[in-house]
Amino acid sequence: AVVSTQSTWKAVVSTQSTWASQFLQTTSHRVVPPATLPLNNPHRRRSIPKSQMAIRSKVSKSKAAKKVTHKFVIDCASPVNDKILDLAAFEKFLHDRIKVNGKAGNLGDSVTVSRDKSKLTITANIEFSKRYLKYLTKKFLKKNQLRDWLRVVATNKTSYELRYYSIDQSNEEEEDDE
């Protein structure tokens with residue numbers, strides 16, 4: 001009895017929308033009345049209440065209205081004073097390697113790299129990661145074979161500092177005596 005009702009039901013539904021016919025192909029063991037078909041369909045689109053729609057549009061407008069500005073500082077005082085690090089070369093390296101929209105060297109107005117005395121200042125008007133600056137700084141140190149003597153340390157939320165590795169002098173003196 002179930003098979004005959006299924007076949008007649010399939011004939012009726014074949015003239016209706018495609019989702020109903022797909023639904024009937026997946027449910028071969030029972031026949032579902034037409035009134036409950038849309039409610040039982042797990043893939044049907046659920047409507048969003050207008051109150052939530054208004055909240056979503058307000059949130060998206062406020063995100064678009066905010067202008068993001070990040071300012072990061074890399075302090076290179078000790079290596080520059082010891083004339084180990086060339087700050088102009090480091091600035092050029094960052095200018096050439098920083099990627100904006102997937103392209104290196106394409107800074108435009110969104111990212112600026114500037115130096116004053118022994119500090120580099122990177123100002124970005126787009127989303128920009130402090131960690132990305134640390135990565136590029138380490139890459140520059142490795143390229144110039146300074147990575148064994150210098151390390152990149154975060155001094156606060158928006159700045160890094162290049163420091164020498166601290167070597168305990170008392171341990172070296174003891175090893176020399178032996």
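Is Arg 115 buried, partly exposed or exposed? Partly exposed, at 43% relative accessibility. Keep that residue in mind.

First, what are we looking at? This is a predicted model. The average pLDDT over the chain is 77. Of the residues, 57% score at least 70. Residues 54-58 have pLDDT below 50. Leaving out near neighbours in sequence, that stretch makes 1 contact in the model. Where pLDDT is low, the predicted coordinates should not be read in detail.

Now, the salt bridges. How many does a search of the whole structure find? The search finds 3. Let me take them in turn.

Start with Arg 115. This residue sits in strand β4. Its side chain meets that of Glu 91 in a salt bridge, 2.9 Å from N to O. Where are the two partners? Glu 91 is in helix α6, residues 87-97, and Arg 115 is in strand β4, residues 111-116. They are 24 residues apart, and the pair links distant parts of the chain. The 2.9 Å approach between these side chains also counts as a polar contact.

Glu 91 has a relative accessible area of 18%, so it counts as buried, under the 20% cut-off. Arg 115, at 43%, falls in the partly exposed range.

What else does Arg 115 touch, setting aside residues up to four places away in sequence? The list is Leu 87, Ala 88, Glu 91 and Leu 120. Take Leu 87. In sequence, Leu 87 and Arg 115 are 28 residues apart. In space, their C-alpha atoms are 7.9 Å apart.

Asp 96 pairs with Lys 92, and the closest N and O atoms are 2.7 Å apart. Both residues lie in helix α6. They are 4 residues apart, about one turn of the helix. How accessible are they? Asp 96 is partly exposed at 36%. Lys 92 has a relative accessible area of 52%, so it counts as exposed, over the 50% cut-off.

Then the last pair. Arg 163 and Glu 161 join side chain to side chain in a salt bridge, at 3.3 Å from N to O. Arg 163 is partly exposed, with 33% relative accessibility. Glu 161 is partly exposed too, at 22%.

To recap: 3 salt bridges. One links helix α6 to strand β4, through Glu 91 and Arg 115. One sits within helix α6, between Asp 96 and Lys 92. One pairs Arg 163 with Glu 161. Thank you.

Terms used
Residues numbered from 1 in each chain as written. Predicted model: local features only at pLDDT ≥ 70, side-chain atom pairs only at ≥ 80, totals over all residues. Heavy atoms only, no water. Salt bridge = Lys/Arg side-chain N within 4 Å of Asp/Glu carboxyl O. Helix = DSSP H or I, 4+ residues; strand = E, 2+ residues; numbered from the N terminus. Buried < 20%, exposed > 50% of the residue type's maximum accessible area, 1.4 Å probe, protein only. pLDDT = per-residue confidence, 0-100. Contact = heavy atoms within 4.5 Å. Polar contact = N/O pair within 3.5 Å; in protein donor to acceptor, adjacent residues only side chain to side chain.
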